[in-house]
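I opened this model to look up a few points and note them here. My entries follow the picture.

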Amino acid sequence: MRDLWLIMSLVPYALTRPFLFGLDAERAHELTLEAIAALQGTPLRRLWWQPRVDDPVQLAGLRFPNRIGLAAGLDKNGRCIDGFGAMGFGFVEVGTVTPKAQPGNPKPRLFRLPQAHALINRLGFNNEGLPAFVKHVRRSRSFRGGGGVLGLNIGKNADTPIERASDDYLLGLDAVFAHADYVTVNISSPNTKDLRSLQGDAALDALLSTLVSRRAELARAQQRQVPLFLKVAPDLDDTQLRLIATTVKRHGVDGVIATNTTVARDAVQGLPHADETGGLSGAPLLEPSNRAIRVLRAELGSAVPIVGVGGVLSGADACAKLDAGADLVQIYTGLIYKGPALVNECARALRARRAGHL
């Protein structure tokens, strides 16, 4: 099967997609990552390589070569950084990684809803753990060597009690700090029990206080500054989002990623797999994510960067994120439905919008 996929990788994505969509969703995902990992260090990466759209922006002390990034979750183990980077991304975020390796939730746990250009996943932070993750990250060369920005996304193990969550996040921060351009704290996945409770006012205040203090210690010891981002859920109401924004400002967190997947199903009712538990991503997430971005921007002002993610399947969708108040845009499900061409379509659209041409 692996050899078959390597042959399929020679075919344009529009022709490859029917083959992939004929497979179980998670198997197709695994085969794609295997192919990218195998080919990314070879001349065959030219099969999906695209020239990166030049649209630099300075945010959180980092220079992003353009405003389009890969969202966390697609490459949980950081095996394909250079491969995804070759698609033209200005920044790539990998993870979520947990301190210990864990298998995640039972299969099947990834479902396509093609009528809605959506996915539902309940993967549950399946990953190889911090030592393997860091090893993979250290092997990446060409993406960062060419100016790409790398984000590393950290979470907690499923068997860690929620009252000890900060221990896992500290282990993650300690391990990835030296290798990250920025670190994202993921407290918003719906697929780890009680994780979203960390978005509550007191719990978030305690967690961020602990992490920001440790970040300062690491910065002094390693003589480098690494921005800290917080990833939030789209299912929070306006009051909850405002409280998060206030807490972010109070602790000097450098940016917010809005948003993770949603547990709402209003937009996909009646479709096959719509009743599966887990997080919904793709086109139905566009407006819920944009609503959260608008609320956060109003509360944060202009000083704190927002990364908009959720429902981006076109250049117009990416521009809608900018219009809502985002500074950067990430894609995930759109890449599965539209293929690598979506990266440069979005990057060009954002450059044109900022230049006043759209």
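Is Leu-296 buried or exposed? I find Leu-296 buried, because its relative accessible area is 0%. Buried means under 20% relative accessible area, exposed over 50%, and partly exposed in between, with a 1.4 Å probe and protein chains only.

Before going on, I note that this is a predicted model, where local features need pLDDT of at least 70, side-chain atom pairs count only at pLDDT 80 or more, and totals for chains, interfaces and linings use all residues. Residues are numbered from 1 along each chain as its sequence is written, and side-chain values use heavy atoms, with hydrogens and water left out.

**Leu-296.** I place Leu-296 in helix 10 (residues 286-300). Helices (H or I, at least four residues) and strands (E, at least two) are DSSP runs numbered from the N terminus. Leaving out residues up to four places away in sequence, Leu-296 touches Val-232, Leu-241, Ala-245, Val-256, Ala-258 and Ile-306. Contact here means heavy atoms within 4.5 Å. I also looked up Thr-277, which is 19 residues from Leu-296 along the chain; their C-alpha atoms are separated by 27 Å.

Two strands pair if DSSP finds at least two bridges between them. Strand 3 (residues 68-70) runs parallel to strand 4 (residues 91-97), joined by 2 bridges. There, Leu-70 stands opposite Val-92.

**Strand 8.** In strand 8 (residues 182-186), I find 5 of its 5 residues buried. Tyr-182, Thr-184 and Asn-186 point one way, Val-183 and Val-185 the other. In a regular strand the side chains alternate between the two faces of the sheet. On one side, 4 bridges join strand 8 to strand 7 in parallel. The chain gets from strand 7 to strand 8 through helix 7 (residues 165-176), a right-handed β-α-β crossover. Right-handed means that, with the strands pointing away from the viewer, the path from the first strand over the helix to the second runs clockwise. Strand 8 also pairs in parallel with strand 9 (residues 228-232), over 4 bridges. Val-185 stands opposite Leu-230 in strand 9.
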